[in-house]
Amino acid sequence: MKEVRISVRNLIEFVKRSGDIDRRFFSNKRAVEGIRAHQKVQREYSKDFLTEVFLRTTEEIEGINFTVEGRADGIEVTDQVTVDEIKSTTRELEDLEKEENIMHWAQAKCYAYIYAKDHELDEINVMLTYYQLESEEILNIKKTFSFGELRDFFMGTLVEYLEFSKRIVEWKETRDESIKKLKFPFKSFRKGQRDLSVAVYNTIDDQNKLFVEAPTGIGKSISTIFPTIKAMGEDKIDKAFYLVARSTGKNAAKDALERLLNKKLRLKLTIVTAKDKICINDKVACNPKDCPYAKGHFDRVNDAIIDIFDACDNFTRENIEKFARLHMVCPFEYQLDLLDFSDFIVCDYNYIFDPTVYLKRFFENSMLRFTLLVDESHNLIERGREMYSAEVSIPDLERLREILPKKRKAARKHLTNALEEFQKLNSCKTFHSYESFIGFNGEVEKTVFSMNDFLTKDKDQENYDQVLDIYFSLFNYIKILEYYNRDFVSIKDEDKIRIKSLDIAPIFQNILRAPRSSVFFSATLNPIKYYGKLLGADEETSYYKIESPFDPNNLLVLRNNEISTVYRDREESIDEIIENLRDFSQDDGNYIFFFPSYSYMEAVYERYVEIDGEAIKQDREMTEGEREEFLNNFTFSSSTKAFAVMGGVFSEGIDLIGERLRGVAIISVGLPGLSYERNILKSHFQKKYSRGYEYAYIYPGMIKVIQSAGRVIRTEDDRGKILLIDKRFSLEPYKFLLPDNWRIYDFMNSVEINEILKKFEEEKTNKSQKHKGQ
């Protein structure tokens, strides 16, 4: 029997949606649903109520078994059973009483049908409970339905979904048959690739989490994607996400997947494009007034989905834009809907981990079995902290109070109260526990809830867009407040309040309960348990380190034991650093010199150019075109000396193979600059793990060092060299964080470095002559 699994929520949203996209103001249902409203209503239930009741049913239509499931907010189990669906809102309850929200009733009726069927009830009550977020008033709207009415509604809804369900079933058979025939797209596995592929496959099979350190250049993308697709073909998972930190990672995954598609793999693939890039309107204006693609989008989007599903396997940006124009739908929202019908998705970390933009639909569907492949996972710690941090600008609050019309008395009152609460707080640059900010936070939250009338009824008012921007900033702030615990701090600056996330591990551990399996991989996960601890690993998590497959004799690592690059010594050490750089790169060829900051890089660069002539440097702000132009300087026959920063766009994710890059120099151990906030982090981890300085400074710094050094050896035929300039590279704990396979030669002056370099070049010549002789 063919099977389709779907959640009640996804079924109703697919079948019953209609109307326009209007992002001038998100409906309250989508924006604030779940903010403590459910818990407050459920706490007031009588003892006869069950809460968060899991329901599932299976129905057969035209040879397809539909398994539908979901959780009812509440069920009153008395002589007259009532299924309750809770919705939070900032609209007036009187308005809601006069209207009938088709989507809300449809969802509640589905739950009621499943419960009535399971308990053989002839009739059942269905209730919508609306919780008004500002006034905290509750409205109950109750109706009674016979089992026959509910069954007709439920089966009719499934029939509406039937046409597309048949496509899904047929597609899965086609996809799985192609996967069974799929072979690794290269003649053989590189050393290390098979080990990584086996580890990924076993992790998916075991439904576990894996942290794996795999050396740069072995082909991590194909080695994680291939076994994941194989597991999909064996019905171990339904879907996979490949998560990236930046566009270079997205391109590597795209290349690997398209290589497999070219081997006759059938796979529905979406590589997610940001809204501002995929928008085909004259301007990004997501509302029916300013965008013809937003007007009536939901009336047409299901036909657009069926059309592209029948026509394409690879839902490329070009294909999405083509069908969006054909059906007059918003390409970005269309793209997000296509993720439901994609087997493999490549996207930014945000779509899984960010609380304001994550793909909620995949986390609410407990039947969906999906895997996460997290590329360059070392980036996720800092990115994660950014996702769970937020701020409120006091000038924004003052500006908002000026703009809002006087008739919006509630919002203006709460803004005034928030500004007064700010003035009561202590002087700037102090951080406090949450309790110190309760008054301020409460007024910001009430401001958000009280702005509904303005945002829904005053859309044509001057400065509306400015108000909306401030509103979403405030909404993001109160969203982060939901997570606030001892792993956060609140900071008062001169003109803002900030919430800073310090440790995201508990949040990520909760997120990682939804995927069936997760694989975190990078060339830089040392110490690996540090990453596991901070990215949500549990006691069952596996850890694996793959040794470098490359000949260690192809990489020379030079280490200066004398130069100090600590802040107080930097000015005095510049000339000596330049002497080292000139000795290191004296032959023709391309070199990159990496520094811990722009200011330090620029200081050395200016002096270097005076002494040695031409060089290029990374600018603080560079467009994609400027970055591409920078990399175009590295040809196989050029002799380019480039200055760049560790942790920047040129320190990871770029492939300059062979003679395109002969060596890199790393100046300093890359520690983040001393700062007030970094010291808060140090204090927090000292109390929590007794490793404050390591977690806040040393490990993040050495991550950037190893990533920068990883630009040199990209393939098994590459040969290159690394120069480490900082006496701390010879001291604990820094030296123990350097890769085990590095051949490190210490030197103290030009004579010694030149002798070492000469010997390395002689080895290269001898090896080349031996190879020719064979």
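Does F362 count as buried or exposed, and at what relative accessibility? Keep that in mind as we walk through these views of a predicted model.

**View 1. The whole protein chain, to get our bearings.** Here we have 29 helices and 25 strands in one protein chain. The C-alpha trace spans about 90 × 70 × 50 Å along its principal axes. For 774 residues, a compact globule would have a radius of gyration near 28 Å, and the 29 Å of the protein chain agrees with that. Among contacts in the protein chain with a separation of 6 or more, 78% are made by residues 24 or more positions apart.

**View 2. Surface, interior and charge.** Of the 774 residues, 57% count as buried. The protein chain has an accessible surface of about 34,300 Å², and carbon and sulfur atoms make up 45% of that surface. If you like to think in charges, there are 116 positive and 132 negative side chains, and the centres of the two sets lie 2 Å apart.

**View 3. F241 and F362, an edge-to-face pair.** The structure holds 45 aromatic pairs. In the one formed by F241 and F362, the rings sit 5.3 Å centre to centre, with 75° between the planes, which is edge-to-face. F241 belongs to strand 8 (residues 239-244) and F362 to helix 15 (residues 360-364), so this pair ties together parts that are 121 residues apart in sequence. Now for our opening question: F362 counts as buried because its relative accessibility is 3%, under the 20% cut-off.

**View 4. Y388 and Y483, a pair between two loops.** With ring centres 5.1 Å apart and planes at 80°, Y388 and Y483 form an edge-to-face pair. Y388 is found in the loop between helix 16 (380-387) and strand 13 (390-393), while Y483 is in the loop between helix 21 (464-481) and strand 15 (488-492), so the pair ties together parts that are 95 residues apart in sequence. Which of these two tyrosines counts as partly exposed? That is Y483, at 26% relative accessibility. Y388, at 2% relative accessibility, counts as buried.

**View 5. An aromatic cluster.** Our last stop brings several rings together: F14, Y161, F164, W171, F309 and F341 form one aromatic cluster. To look at any two rings in a view like this, remember that a pair of aromatic rings is described by the distance of the centres and the angle of the planes.

Definitions and conventions
Residues numbered from 1 in each chain as written. Heavy atoms only, no water. Helix = DSSP H or I, 4+ residues; strand = E, 2+ residues; numbered from the N terminus. Rg over C-alpha atoms; globule rule 2.2 N^0.38 Å. Buried < 20%, exposed > 50% of the residue type's maximum accessible area, 1.4 Å probe, protein only. Contact = heavy atoms within 4.5 Å. Areas by Shrake-Rupley, 256 points an atom, 1.4 Å probe, with all protein chains shown as cover. Lys, Arg positive; Asp, Glu negative; His and termini not counted. Charge placed at Lys NZ, Arg CZ, Asp CG, Glu CD. Phe/Tyr/Trp six-rings, centres within 6.5 Å; stacked < 30°, edge-to-face > 60°.
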